[in-house]
Amino acid sequence: MEINFECKGCQKEFDCDIGTIGINNQTMRPNFGKPIICPRCGERTIDDVLLTELGQSQMTEATMYL
């Protein structure tokens with residue numbers, strides 16, 4: 001599954017294949033099957049990126065049936 005993010009480090013948008021998406025029932029945060037990789041900054045955590053408007057739609061679609 002590809003999700004569109006904005007890196008907080010370099011402020012650039014990028015698409016990243018994050019594999020499967022799950023939800024942590026305790027924190028209600030997403031769990032990704034693959035790491036988030038910014039093309040400029042390298043591996044990022046969920047706290048190091050923002051979901052773009054497109055990314056929010058993609059996440060909603062991906063988690064709709066979880």
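Me: Does Phe5 count as buried or exposed, and at what relative accessibility?

Reply: Keep in mind that this is a predicted model. Buried means under 20% relative accessible area. Phe5 has 1% relative accessibility, so Phe5 counts as buried.

Me: Which strand holds Phe5, and which strand holds Phe32?

Reply: Phe5 belongs to β1 and Phe32 to β4 (residues 30-32), so their pair ties together parts that are 27 residues apart in sequence. Both Phe5 and Phe32 are buried.

Me: How is a pair of aromatic rings described?

Reply: Two values are given: the distance of the centres and the angle of the planes. The structure holds two aromatic pairs. Phe5 and Phe14 make a tilted pair, at 5.9 Å centre to centre with 35° between the planes. Phe14 counts as buried because its relative accessibility is 5%.

Me: Why is the pair of Phe5 and Phe32 edge-to-face?

Reply: Planes over 60 degrees apart count as edge-to-face. The planes of Phe5 and Phe32 stand at 70°, with the ring centres 6.2 Å apart, so the pair is edge-to-face. Phe5, Phe14 and Phe32 together form one aromatic cluster.

Me: Now the sheet. In what order do its strands lie?

Reply: The order is β2-β1-β7, in an open sheet of three strands with antiparallel pairing. β2 (13-17) and β7 (49-51) are the edge strands, each pairing on one side only. On average, neighbouring strands of this sheet are turned by 45° against each other, direction ignored.

Me: How many bridges join β1 to β2, and over how many do β1 and β7 pair?

Reply: β1 and β2 run antiparallel and are joined by five bridges. β1 (residues 2-7) and β7 also pair in the antiparallel sense, over three bridges. Phe5 can be followed in both directions: its bridge partner in β2 is Phe14, and in β7 Leu51 stands opposite Phe5.

Me: What packs on the sheet?

Reply: Helix α1 (residues 53-63) does, touching β1 and β7, and its direction makes about 145° with that of β1. At 17% relative accessibility, Gln58 counts as buried. The side chain of Gln58 reaches the backbone nitrogen of Asn4 at 2.7 Å. Apart from neighbours within four places in sequence, Gln58 is in contact with Met1, Glu2, Ile3 and Asn4.

Me: Which side chains of β2 point to one face, and which to the other?

Reply: The side chains alternate along β2.

Me: What should I expect of nonpolar side chains in general, and which residues touch the most other members of the largest nonpolar core here?

Reply: In soluble globular proteins, nonpolar side chains tend to be buried together. The largest nonpolar core has 13 residues, and Phe5, Phe14, Ile18, Phe32 and Ile36 touch the most other members. At least two residues come from each of β1, β2 and β5 (36-38). β1 gives the most, with three residues. Setting aside neighbours within four places in sequence, the contacts of Ile36 include Phe5, Phe14, Cys16, Ile18 and Val49.

Me: Backbone angles next. Where is Gln11 found?

Reply: Gln11 is in the loop between β1 and β2. The hairpin of these strands has five residues between them, and in it Gln11 takes a positive phi near 60°. Gln11 is not a glycine. Met28, also a residue other than glycine, has a positive phi near 60°. Met28 sits in the loop between β3 (21-23) and β4. Its relative accessible area is 58%, so Met28 is exposed.

Conventions. Residues numbered from 1 in each chain as written. Predicted model: local features only at pLDDT ≥ 70, side-chain atom pairs only at ≥ 80, totals over all residues. Heavy atoms only, no water. Pairing = 2+ DSSP bridges. Helix = DSSP H or I, 4+ residues; strand = E, 2+ residues; numbered from the N terminus. Axes fitted to C-alpha atoms, helices over the stretch in contact; angles between N-to-C directions. Contact = heavy atoms within 4.5 Å. Core = buried A, V, L, I, M, F, W, Y, C linked by side-chain atoms within 4.5 Å. Buried < 20%, exposed > 50% of the residue type's maximum accessible area, 1.4 Å probe, protein only. Phe/Tyr/Trp six-rings, centres within 6.5 Å; stacked < 30°, edge-to-face > 60°. Polar contact = N/O pair within 3.5 Å; in protein donor to acceptor, adjacent residues only side chain to side chain.
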